[in-house]
Amino acid sequence: MIEILSDYEMDKMRAAGKLTAVILSELRKAAKPGVSTKHLDDIAMQIIKEAGGSAPCVGYGNPPFPAAICTSVNDVVVHGIPSKHQILREGDIVTCDVVAELDGYMGDAARTFLVGEVDERTRLLVERTKEAFFKGLEKAQIGNRIGDISHAVQECAEGYGYGVVRELTGHGIGREMHQEPDVPNYGKAGRGPRIQKGMAFCIEPMINMGRRNVLLGDDGWAVCSADGLPTAHYENTIIMTENGPEMTTYEEGLNG
Ligand code: MF3
Ligand code: CO
């Protein structure tokens, strides 16, 4: 069942989303050569605790996810586990995917950061993954269907010759991190659930420079591109208000 949020609940989503945005802004500053991915996780955890929130990723799934955020480097698409042994190097890209809970509601957002100087092909991949997100967001309008978003994301990414990951999708969100509906990054316009006021969901293109195929890592979490080429991710939580889509996890000048 797709949940419909009241105006009161949408305010709670805004608060959790703002916390998520603040964390990503701090992580962008911290993602420099020489820093471990565990350090990024520590920063996120500290901000969440100070705000009186929680990190729903901790203990999630099976095997239980052992950290507050996912840190996915280079060919890792999503769900990279932070480690004190994994040091970021000049030329890497690192996706930080943050879920923060505040007062019972959640924000979920991801950014792929450039670590120092990054080669142009990879920079373009990161930039165009964000562009694919915004093409999808344009279709997040009351009365449209989820498939309209999916189709727009796919058309943009494949237009650049990239591979659209299919094994993972965007999702509804609210009191839980993953709710109905799924929001795939590929599909046909005019299909899927109708978008209504009060819906909350994440749009999150996961885009490979090469082929779309992915593999699951030995740790049971990290998902990497099968061809080993770089991959990017861009995600925001969206609430549907009567005025259209509102990104709770995006603030221009902060983490936009
Ligand atoms: N944003 C990620 C997702 O939707 C969060 C994963 S946290 C984890 O899949 F607990 F699954 F690791
Ligand atoms: Co998500």
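**Entry 1: second largest pocket**

I began with the second largest pocket, whose volume comes to about 220 Å³ (a volume being the space filled by probe spheres set on grid points that are joined across faces, edges and corners). I took a pocket as an open set of points on a 1 Å grid over the protein atoms alone, where a 1.4 Å probe fits and protein lies on both sides within 12 Å along at least five of seven lines, and I took lining residues as those with an atom within 4 Å of a point. I found 14 residues lining the second largest pocket, and Arg28, Thr112, Val126, Glu127 and Lys130 are the closest to its centre. The elements that give two or more residues to this lining are β4 (105-114) and α3 (120-138), with helices (H or I, at least four residues) and strands (E, at least two) read as DSSP runs numbered from the N terminus. α3 gives the most, with 5 residues.

**Entry 2: conventions**

I note that this is a predicted model, in which local features need pLDDT of at least 70 and side-chain atom pairs count only at pLDDT 80 or more, while totals for chains, interfaces and linings use all residues. Residues are numbered from 1 along each chain as its sequence is written, chains are lettered from A and ligands numbered from 1 in the order in which they are written, and side-chain values use heavy atoms, with hydrogens and water left out.

**Entry 3: largest pocket**

I then turned to the largest pocket, with a volume of about 310 Å³. Of the 22 residues that line the largest pocket, His79, Asp97, His171, His178 and Glu204 are the closest to its centre. β3 (93-102) and β6 (170-172) each supply at least two residues of this lining, and β3 gives the most, with 3 residues.

**Entry 4: ligand 1**

Ligand 1 is surrounded by 13 residues, the closest being Cys57, His79, Asp97, Asp108 and His178, where a residue counts if one of its heavy atoms lies within 4 Å. For polar contacts (pairs of N or O atoms within 3.5 Å), I recorded a side-chain N or O atom of Asp108 at 3.0 Å from a nitrogen atom of ligand 1. A polar side-chain atom of His171 lies 3.3 Å from an oxygen atom of ligand 1, and one of His178 lies 2.7 Å from an oxygen atom of ligand 1. Taken alone, ligand 1 exposes 330 Å², of which the protein buries 96%, by the Shrake-Rupley method with a 1.4 Å probe.

Key: A polar contact is a pair of N or O atoms within 3.5 Å; within protein, one must be able to donate a hydrogen and the other to accept it, and residues adjacent in sequence count only if both atoms are side-chain atoms.
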